[in-house]
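User: Please examine the model shown here and answer some questions on its packing and charge pairs.

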Amino acid sequence: MNTAANLPENIVLDEKAKLDFSQSMSYGDYLHLDAILSAQVPRSPDHNEMLFIVQHQTSELWMKLMLHELGAAIRCIASDELGTAFKMLARVSKIMEQLVHAWDVLATMTPPEYSAIRPYLASSSGFQSHQYRCIEFALGNKNAAMLKPHAHRPDLLAQVQAAFEAPSLYDESLRLLARRGLAVPASHTERDWTQPYQASAEVEQAWLVVYRNPKVHWDLYQLGEELTDLEDAFRLWRFRHVTTVERVIGFKRGTGGTGGVSYLRKMLDVVLFPEIWTLRTDL
């Protein structure tokens with residue numbers, strides 16, 4: 001008998017690892033792996049469709065966690081629990097890094113490979129992701145037209161509508177600055193949250209007070225940098241998105257009806273927390 005060949009089994013036995021799960025919960029049971037791993041149902045006969053499906057399903061799982069953390073961070077900022085909020089925002093930025101690197105995997109799909117599966121996608125598109133739309137709304141990019149793709153699903157529409165009508169992460173951050181005595185105008189602390197955010201010279205001046213004296217306003221200064229990290233990561237995600245789409249389909253229109261690359265390039269110009277960026281020039 002080859003003792004070395006049996007070493008892994010001996011180690012497992014020596015460690016008294018549990019091996020019988022007929023009467024108790026296993027790893028697969030806890031994670032509902034049967035449901036998750038049976039959710040990949042290719043519609044085409046092409047080998048590469050599995051990559052496309054897994055890429056987008058895993059991204060949706062990361063977005064679910066992102067929404068979990070973003071929502072909690074917004075509530076913490078609203079209740080002045082900044083230490084907890086910072087941990088959550090840092091986690092959101094790390095999740096964004098995961099989503100950025102996910103494009104590297106999808107970029108291994110060549111144009112002929114994508115062309116083989118594209119007819120089977122019909123009009124479905126990531127543009128229609130209700131979770132992504134909730135993230136955009138939570139970060140302040142409000143657009144009423146983006147409610148329409150979810151009108152056929154009242155349950156999803158309710159989630160997206162709630163995010164649309166709620167104060168964004170930046171809205172709550174500015175309300176916090178105002179509570180701390182900084183001169184944030186009422187037009188930016190009590191407004192119609194469904195309207196797109198408009199940059200303000202007065203808001204920039206409030207942030208400049210924080211950034212010019214970080215020792216006095218340390219937690220607000222850290223909040224500003226957490227917001228910077230988050231938008232930085234989000235910009236990278238958008239950039240990798242557009243470059244991957246251009247690499248795979250060129251300038252064809254998107255399956256959801258948008259201009260594809262042309263639409264995504266416009267999204268690169270969206271600034272979520274404008275004064276956080278413009279203040280750097282004035283420091």
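This is a predicted model: local features need pLDDT of at least 70, side-chain atom pairs count only at pLDDT 80 or more; totals for chains, interfaces and linings use all residues.

Residues are numbered from 1 along each chain as its sequence is written, and side-chain values use heavy atoms, with hydrogens and water left out.

User: Which residues does Leu139 contact, leaving aside its neighbours within four places in sequence?

Analyst: Contact is defined as heavy atoms within 4.5 Å. Leu139 is among the residues with the most contacts inside the largest core. With those neighbours left aside, its partners are Leu70, Ser168, Leu169, Leu230, Phe234, Leu272 and Phe273.

User: How many residues of helix 7 are buried?

Analyst: Helices are DSSP runs (H or I, at least four residues), numbered from the N terminus. Helix 7 spans residues 130-138, and its cover includes helix 4 (49-78), helix 8 (154-165), helix 9 (169-179), helix 11 (218-249) and helix 12 (261-267). Among its buried residues are His130, Arg133 and Glu136. The count of buried residues in helix 7 is 9 of 9.

User: Which side chain of opposite charge is nearest to Arg118?

Analyst: Lys and Arg count as positive and Asp and Glu as negative, with His and the chain ends not counted. A salt bridge is a side-chain nitrogen of Lys or Arg within 4 Å of a carboxyl oxygen of Asp or Glu. Arg118, in helix 6 (residues 111-121), is buried and has no salt bridge. At 13 Å, the nearest side chain of opposite charge is Glu49.

User: How many residues apart in helix 9 are Arg175 and Glu172?

Analyst: These two residues form a salt bridge, with the closest N and O atoms 3.5 Å apart. Arg175 is partly exposed because its relative accessibility is 22%, whereas Glu172 is buried because its value is 9%. Glu172, Arg175 and Glu190 are linked in a network of salt bridges. Arg175 and Glu172 are separated by about one helical turn because their spacing in helix 9 is 3 residues.

User: Which parts of the chain does the salt bridge between Arg265 and Glu246 tie together?

Analyst: The closest N and O atoms of Arg265 and Glu246 are 3.0 Å apart. Arg265 has 42% relative accessibility, so this residue counts as partly exposed. The pair joins parts that are 19 residues apart in sequence, because its members lie in helix 12 and helix 11.

User: Which residues make the nonpolar surface patch of about 510 Å²?

Analyst: Patches are made of residues with over 30% relative accessible area and no salt bridge, like charges being joined within 9 Å and nonpolar side chains (Val, Leu, Ile, Met, Phe, Trp, Tyr) within 5 Å. Accessible areas come from the Shrake-Rupley method with a 1.4 Å probe, and for residues only the protein chains shown count as cover. Tyr27, in helix 2 (residues 27-31), counts as exposed because its relative accessibility is 64%. The patch is made by Met25, Tyr27, Tyr30 and Leu31.

How values were computed
Helices (H or I, at least four residues) and strands (E, at least two) are DSSP runs, numbered from the N terminus. Buried means under 20% relative accessible area, exposed over 50%, partly exposed in between (1.4 Å probe, protein chains only). A nonpolar core is a set of buried Ala, Val, Leu, Ile, Met, Phe, Trp, Tyr and Cys residues joined through side-chain atoms within 4.5 Å.
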